[in-house]
Amino acid sequence: MNSAHRSPTRRIVSTSAAAALLVLSAAGCSFIGGSDGSLSLTVPKPPAETATLCRALHKELPKTVEGLKQRTPKPASELTAAWGDPAIKLRCGVAKPAVLTPGAEHYNPYAPSADINGVRWLPEQQDDGYRFTTVLRKAYVEVTVPGKYAPEVNPLVDLASAVKKTVPEGVV
């Protein structure tokens with residue numbers, strides 16, 4: 001993480017969570033896709049009930065993540081958000097990750113996840129950073145964090161409270 005983006009009151013993710021991500025990488029979690037840091041985001045098309053949860057989440061999102069100011073992705077939507085440049089990107093109402101989808105090429109019903117402040121996230125390493133997707137919640141929330149902000153789990157600390165408040169636990 002660049003020290004210019006660290007605030008003096010910044011909470012650091014526990015070493016056990018960071019260690020869990022290293023173990024997850026070594027354990028062979030899915031290596032899919034990449035992140036180019038642009039503000040262009042595909043808007044998910046979730047069912048109405050999920051979209052309602054995502055709109056509630058959007059209202060609770062922090063104005064800064066990792067000390068980075070919120071930006072408006074294109075197209076603008078209550079289902080997406082971004083912070084910084086290169087952008088930390090959030091999309092709410094995405095499909096279940098392939099690794100958790102029966103019949104998918106890299107299906108793994110035991111894919112490991114990490115708990116960050118009461119929210120479970122499935123990490124998937126990208127070409128430049130990680131994509132994290134909530135699990136065991138009524139909506140899938142995806143956060144893509146460029147490698148520039150390593151350790152990439154830190155932005156999840158800033159987002160966990162909003163997710164916990166608006167997206168109830170459960171299985172989709």
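Is Asp115 buried, partly exposed or exposed? Asp115 is partly exposed, with a relative accessible area of 40%; here buried means under 20% relative accessible area, exposed means over 50%, and partly exposed is what lies in between (1.4 Å probe, protein chains only). We will come back to this residue and its partner below.

## About the model

This is a predicted model, in which local features need pLDDT of at least 70 and side-chain atom pairs count only at pLDDT 80 or more, while totals for chains, interfaces and linings use all residues. Residues are numbered from 1 along each chain as its sequence is written, and side-chain values use heavy atoms, with hydrogens and water left out.

## The fold at a glance

The chain has 3 helices and 8 strands, these being DSSP runs numbered from the N terminus (helices are H or I with at least four residues, strands are E with at least two). Reading from the N terminus, the order is α-α-β-β-β-β-β-β-β-β-α.

Of the chain's 172 residues, 48% count as buried.

## The nonpolar cores

A nonpolar core is a set of buried Ala, Val, Leu, Ile, Met, Phe, Trp, Tyr and Cys residues joined through side-chain atoms within 4.5 Å. The largest one has 30 residues, and those touching the most other members are Leu57, Leu61, Trp83, Ile88, Leu90, Trp121 and Val143. Two or more residues come from each of H2, S3, S4, strand S6 (119-126), strand S7 (129-134), strand S8 (141-146) and H3. H3 gives the most to this core, with 6 residues.

Setting aside neighbours within four places in sequence, Leu61 is in contact with Gln70, Ala81, Trp83, Leu90, Leu159 and Ala162. A second, separate core of 5 residues also exists, and Val99, Leu100, Leu122 and Val135 are among its members.

## Helix H3

Where does helix H3 bend? Helix H3 (residues 154-166) bends by about 40° at Ala160, the bend at a residue being the angle between axes fitted to the seven residues ending there and the seven starting there.

This helix is also well covered: 10 of the 13 residues of H3 are buried, so it is largely enclosed by the rest of the structure. Among the buried residues are Leu156, Leu159, Ala160, Ala162 and Val163, together with the polar Asn154, Asp158 and Thr166.

## A disulfide between helix and strand

There is 1 disulfide, counted as a pair of cysteine sulfur atoms within 2.5 Å. The bond joins Cys54 to Cys92, with an S to S distance of 2.1 Å.

## Salt bridges

The model contains 6 salt bridges, each a side-chain nitrogen of Lys or Arg within 4 Å of a carboxyl oxygen of Asp or Glu. One of them pairs Arg71 with Asp85 (3.9 Å, N to O). This pair links distant parts of the chain, with Arg71 in strand S2 (residues 68-71) and Asp85 in the loop between strand S3 (80-83) and S4, 14 residues apart. Arg71 is partly exposed at 31%, whereas Asp85 is exposed at 56%.

Asp115, from the opening question, forms a salt bridge with Arg120, their closest N and O atoms being 4.0 Å apart. Arg120 is partly exposed at 30% relative accessibility. Glu124 and Arg131 form another salt bridge, with closest N and O atoms 3.3 Å apart; Glu124 is buried at 3% and Arg131 is buried at 15%.

## An aromatic pair

Rings of Phe, Tyr and Trp (its six-membered ring) pair if their centres lie within 6.5 Å; planes under 30 degrees apart count as stacked, over 60 as edge-to-face and the rest as tilted. The model has 1 aromatic pair. The ring centres of Tyr130 and Phe132 lie 5.7 Å apart with planes at 20°, so the pair is stacked. Tyr130 is buried at 10% relative accessibility, and Phe132 is buried at 1%.

Methods. Contact = heavy atoms within 4.5 Å.
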